Amino acid sequence: MRIKGLIALLIVILGVSLSGCQLALEGAGEWVNDDRLIGAFITTEYLDLFDFERYLEDNIGKISGGGIVIDDSAKPYEGRLYAKLKERVLTNEDTGEKIYTEEYVFEDVSGVSYFVATIPEADGRESYVTSGSDEAISDGQTGLFRGDNEDKITLEGTIYISSIGNRKSHYINPVYQSPDGRVYAMSGQGISMSGVQAEGAAFSQTLEETSTTRENGKNKEVSTSVKISIEVMLPPERIVILQMDKNSSILSSREYSPGQVPDKLTPIEETDYIIVETYKRDLTGDVVVTRELFSKEDDTLFTFSCRDDGICVKKWTELLWDSNVKR
């Protein structure tokens with residue numbers, strides 16, 4: 001039997017799907033262990049990037065008894081999903097001034113980006129570090145440290161998902177940057193939500209990597225830690241913002257649809273604190289109300305709204321205490 005025929009037969013027997021492999025076969029076989037972990041790309045579909053056909057062609061002798069064992073020697077066959085460097089235009093809301101920047105984007109694949117990348121120098125512009133983060137990442141904390149003896153990246157964030165009709169798996173795919181500046185994702189492990197999940201149920205996964213480099217005759221530790229949490233939330237149906245005086249009397253009550261809370265809010269002059277009430281329904285259909293309190297020490301308040309894809313986005317509203325209006 002010809003090798004190609006044997007490969008085709010094994011693919012059918014093993015039920016291996018090769019669809020999607022063409023997304024990132026560029027670079028397969030170029031495994032470089034000094035590429036640095038810089039974050040994660042979270043998807044609801046498995047990134048099928050492994051070049052299984054080429055692996056079989058090169059390792060036909062390992063097939064015995066109808067079984068195939070894929071070990072560490074398979075790393076050169078792990079495909080990569082490369083990001084493209086795209087221009088992004090930001091507009092200053094107050095002045096209308098446009099700011100042009102660049103960011104790495106994974107095109108043609110739906111997912112949530114959360115990584116820190118170095119934009120290479122070009123056209124006389126010096127290189128700089130940028131953070132790629134989707135609005136789906138809430139409570140994000142990004143830490144960058146560069147010193148003589150250590151370079152460190154720490155990323156931590158939460159993706160809130162609706163408890164209604166959301167039984168998707170979420171795959172935490174590691175994102176790397178190579179010394180030549182290229183950014184790519186590789187297939188990662190999944191977090192599966194099965195059964196009925198109550199609000200507040202949470203799962204997390206951490207990607208960590210540490211290596212030692214030699215710089216200016218000294219050893220330097222280079223490390224990265226990326227923690228992604230997935231937390232279940234009952235989808236908000238309506239939001240009420242209450243402005244309260246020092247005697248806990250209601251000065252103002254305004255109701256909003258999720259996602260329609262204004263970007264800025266000027267409290268009434270007598271307002272001592274603000275309560276945000278979020279109305280939801282639990283899995284039995286009963287109304288549930290959660291409350292958050294914000295004082296004059298808070299510059300912002302937050303609310304949630306859920307997108308069609310089941311991800312609940314945290315929105316921040318600026319509190320303009322210094323511009324209080326009279327009742």
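Ala, Val, Leu, Ile, Met, Phe, Trp, Tyr, Cys and Pro count as nonpolar, Asp, Glu, Lys and Arg as charged, and the others, Gly among them, as polar. This is a predicted model, where local features need pLDDT of at least 70 and side-chain atom pairs count only at pLDDT 80 or more, while totals for chains, interfaces and linings use all residues. Residues are numbered from 1 along each chain as its sequence is written, and side-chain values use heavy atoms, with hydrogens and water left out.

**View 1. The largest pocket and what lines it.** With those classes in hand, the lining sorts into 15 nonpolar, 10 polar and 9 charged residues. A pocket here is found on a 1 Å grid over the protein atoms alone, as an open set of points where a 1.4 Å probe fits, with protein on both sides within 12 Å along at least five of seven lines; lining residues have an atom within 4 Å of a point. The largest one has a volume of about 730 Å³, a volume being the space filled by probe spheres set on the points, which are joined across faces, edges and corners. Of its 34 lining residues, Asp34, Asp35, Arg36, Gln177 and Val222 lie nearest the centre.

**View 2. Strands around the largest pocket.** Strands are DSSP runs (E, at least two residues), numbered from the N terminus. Those giving two or more residues to the lining include S1 (36-43), S5 (112-119), S9 (169-177) and S13 (218-233). Which strand gives the most? That's S12, with 5 residues.

**View 3. An open sheet of 4 strands.** Read across, the order is S15-S14-S17-S18, and the pairing is antiparallel. Two strands pair if DSSP finds at least two bridges between them. S15 (250-256) and S18 (287-295) sit at the edges with a single partner strand each, so one side of each has no neighbour in the sheet. From one strand to the next, the twist averages 20 degrees, using axes that are lines fitted to C-alpha atoms and angles that run from 0 to 180 degrees between N-to-C directions.

**View 4. S14 beside S17, with Glu277 in focus.** Antiparallel strands S14 (residues 238-244) and S17 (residues 273-281) are joined by 7 bridges. One to look for pairs Val240 with Glu277 of S17. Is Glu277 buried or exposed? Glu277 counts as buried, at 9% relative accessibility (buried means under 20% relative accessible area, exposed over 50%, partly exposed in between, with a 1.4 Å probe and protein chains only). Glu277 and Ile239 are 38 residues apart along the chain, yet their C-alpha atoms are separated by 5.7 Å.

**View 5. The hairpin of S17 and S18.** These two strands run antiparallel and share 9 bridges; in one of them, Arg281 partners Val287 of S18. Between the strands come 5 residues, and Gly285 takes a positive phi near 95 degrees. Over in S18 you'll also find Val289, which is partly exposed at 28% relative accessible area. C-alpha to C-alpha, Val289 is 9.3 Å from Pro236, and the two are 53 residues apart in sequence.

**View 6. The disulfide between Cys306 and Cys312.** A search of the whole structure turns up 1 disulfide (a pair of cysteine sulfur atoms within 2.5 Å). Here the S to S distance is 2.1 Å. The torsion about the S-S bond is about 80 degrees, so the disulfide is right-handed. Cys306 is partly exposed, at 27% relative accessible area, whereas Cys312 is buried, at 0%.
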